[in-house]
Amino acid sequence: VGLGLWPSRVRYTPRRALLVLDAANFNVLATAALRAVRAPGVDPIEIAHAVDTVLARGIPEAQDDFRRLLQLLENGLAGLLLDGRPRPFTWLGPEGQDAALYKFRDSAIAARRAGYHSLRRLCLSAYYVGDSTWQGIGYPGPPQISVPT
Amino acid sequence: MTGFVDARTLAPDARRLTPEVCIIGSGAGGAVTAALLAAAGHEVLVVEAGEHRTKKDFNMREDVAFAHLYQEGGTRTTTDRGIAILQGRGVGGTTVINWTTCFRTPEKVLAHWRDHFGVRDFEPQDLAPHFAAVEERLSVAEIPLENSNRNNRLLYDGCQALGLQAAPTRRNVKQCMKSGYCGMGCPIDAKQSMLITYLPDAVAKGATVLSRCRVDRLEIQAGRVASAHAMTLGDDGRTPTGAAIEIAAKRFILSGGAINSPGLLLRSGLGGAGSPLGRRTFLHPTIGTSAQHPDVVEAYYGAPQSIASHALSDRGADCGLFLETAPIHPALAAISLPGMGEAHRAIMEQLPHLSAHIALAIDGFGADEVGGTVFIAPSGEPRIDYPLPPRIWEALRAGLKQLALIDLAAGAQVVRTGHDPTLEIRKPADVARIDALPFAPGRIAVFSAHVMGGCTMGGDPARAVVRPGDLRHHTVENLHVVDGSVLPTSLGVNPQETIYGLAHTVATRLAAAWHS
């Protein structure tokens, strides 16, 4: 039971007020964002803030689901019971974090798979929606247009 | 009060409204109905929960569009999060952000509704003049094949190479520059959405369109809607300001769209054990391929959908499919492409070379298919539960195999499935490997942009929420439902024109009946 109380390793703290997440959720999310998005100039704190903003537009039940997902990902006891890894997500090295996320992806439990995809999609879309990322993927951006007369 | 009005501007003593007709929702169903009833001399108030945003706000950015123009900020999903649902929100509804594809309702679908649901008032000959009127108003026309972008042309060429039917679609656009940003709101008003057509028509005839006004509950007394209770939404477009609005109309038209319309009726105390309300919701569950080509595709530019194939629409006893394309701008690509980390990045770096083709399952026609169920969550928000049956998964597997073959025939070097981890297909013999892949929630990405049903029409009150003909609620006499929620099945084509046509037909009938 003590594994479930293992404190997080705090690497990331919010830069501004949060809308949906708390500081603990935010730290886990930013840690995961750095694994989901491997690209130049990734700022996991800004990705986590962007995800927090998107979550605020969703319904309360979806917000609750996402908070629970982050808690489950971080919880050492759950990690031990479900995946055989007792350390919280934030204490794992990069390879361990990837492995933990892939355990969610490959889980026999549909809710865990769905959680992986929610986390992945929110982080990736939060990053690639920014125009500073477009050059690196060859996207020229919206065209210059003028209204036909 | 007439014109486009923001509910935040209503003075406290103006928050009790008494129009003759209150239309809840301003999308395809509500807008057409409003225009025709207003033209017939009725006093019409359209209330819309979303914001009134126009071309000056449409800056072709995904973050802005999802935040303001999509339900739940673009995060709406089924309860198990197995299906991502793209559905519009705001004045004009989904018509503001759809990809402009227009099809009349297939005649075999109308026949199915007649034979299985007692829908006898929407025969092809009944609907034809109404479709024609809508098509003229919305400038619906076929896009010439040579005007297709590369993404669509690849679908066409792949189908041609395999001997599969494929043809240009019709679109509701005028002076379209084919920028490719239909899904973010048309920045030049080329798209003939409700925002610039039927809603202004209604306003010109004296109607009011009240935005940021979210109806939370209908008060139903003695088999009639006495009033609608609404809240003003604040600057973020979602949070109530605390300013309540009461609408006491003589007649109510519910046009909130599938999911929101049944949701409002459920919140208002209708439904209950055994009720058809909220049931039979269909989504055209959709999977896709991303195929990498040696030349540049730039699937983010050009008319998003201009080619469709219905070669697989009729698969006998199996669930049918139709094939189309999807535009992939960076954020939509990021969530659609498989994987994470370096593997995902490697695919994203190929974005200009990727095509995106989709297969949509035609759900609702199986004898034992029940579709999704809309229910009210503890927060009061509507949610949809839709565990896909084996029949649909089989169709999606068949669709994926066909798309892969089409992509390869069109010259793709690599075809990737929406599985995670993905399967990379490089030659036709690889397609058989799809048979070994899992098809289940969270195993493969499934999307929907077509939400239908939940307030189905039909002759039997035990099986349907509204009656055919005038789409009046079976038990609430001054309430009609006019939107995609009345469809008893999916369609096998993009739904917008079906909703326009039904709305035009029903509004014409209502105007005549009320006049007499």
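1. The side chains of B:Glu424 and B:Arg426 meet in a salt bridge at 2.9 Å, N to O. A salt bridge here is a side-chain nitrogen of Lys or Arg within 4 Å of a carboxyl oxygen of Asp or Glu. B:Arg426 is partly exposed, with a relative accessible area of 49%; B:Glu424 is partly exposed as well, at 30%. The classes are buried under 20% relative accessible area, exposed over 50% and partly exposed in between, with a 1.4 Å probe and protein chains only.

2. This is a predicted model, in which local features need pLDDT of at least 70 and side-chain atom pairs count only at pLDDT 80 or more, while totals for chains, interfaces and linings use all residues. Residues are numbered from 1 along each chain as its sequence is written, chains are lettered from A and ligands numbered from 1 in the order in which they are written, and side-chain values use heavy atoms, with hydrogens and water left out.

3. B:Glu424 also pairs with B:Arg416, the closest N and O atoms being 3.0 Å apart. B:Arg416 is buried, at 7% relative accessibility. Over all chains the structure holds 40 salt bridges.

4. A:Arg105 lies in helix 5 (residues 94-105) of chain A, and B:Asp420 in the loop between strand 22 (414-416) and strand 23 (424-425) of chain B. Helices (H or I, at least four residues) and strands (E, at least two) are DSSP runs, numbered from the N terminus. Both ends count as buried: A:Arg105 at 12% and B:Asp420 at 7%. B:Asp420 forms a further salt bridge with A:Arg120, at 3.8 Å between the closest N and O atoms.

5. Between chain B and chain A the count is 4 salt bridges. There are also 16 residue pairs in polar contact, both residues at pLDDT 80 or more. A polar contact is a pair of N or O atoms within 3.5 Å; within protein, one must be able to donate a hydrogen and the other to accept it, and residues adjacent in sequence count only if both atoms are side-chain atoms. Helix 2 (62-69), helix 8 (330-336) and helix 9 (341-348) of chain B are the elements that give two or more residues to the side of chain B that touches chain A. Helix 9 gives the most, with 5 residues.

6. In contact terms (heavy atoms within 4.5 Å), 50 residues of chain B meet 49 residues of chain A. The area buried between the two chains is about 4,300 Å², with carbon and sulfur atoms giving 59%. B:Arg81, B:Met340 and B:Arg345 supply 19% of the area that chain B buries against chain A, more than any other three residues. Buried area is the accessible area (1.4 Å probe) that two parts lose on being put together, summed over both.

7. In chain B, 4 strands form an open sheet of mixed pairing, in the order 2-13-12-11. Strand 2 (16-17) and strand 11 (213-221) each have a single partner strand, so one side of each is left without a neighbour in the sheet. Strands pair if DSSP finds at least two bridges between them. Strand 11 runs antiparallel to strand 12 (residues 224-233) of chain B, over 8 bridges, and B:Ile220 stands opposite B:Val225 in strand 12.
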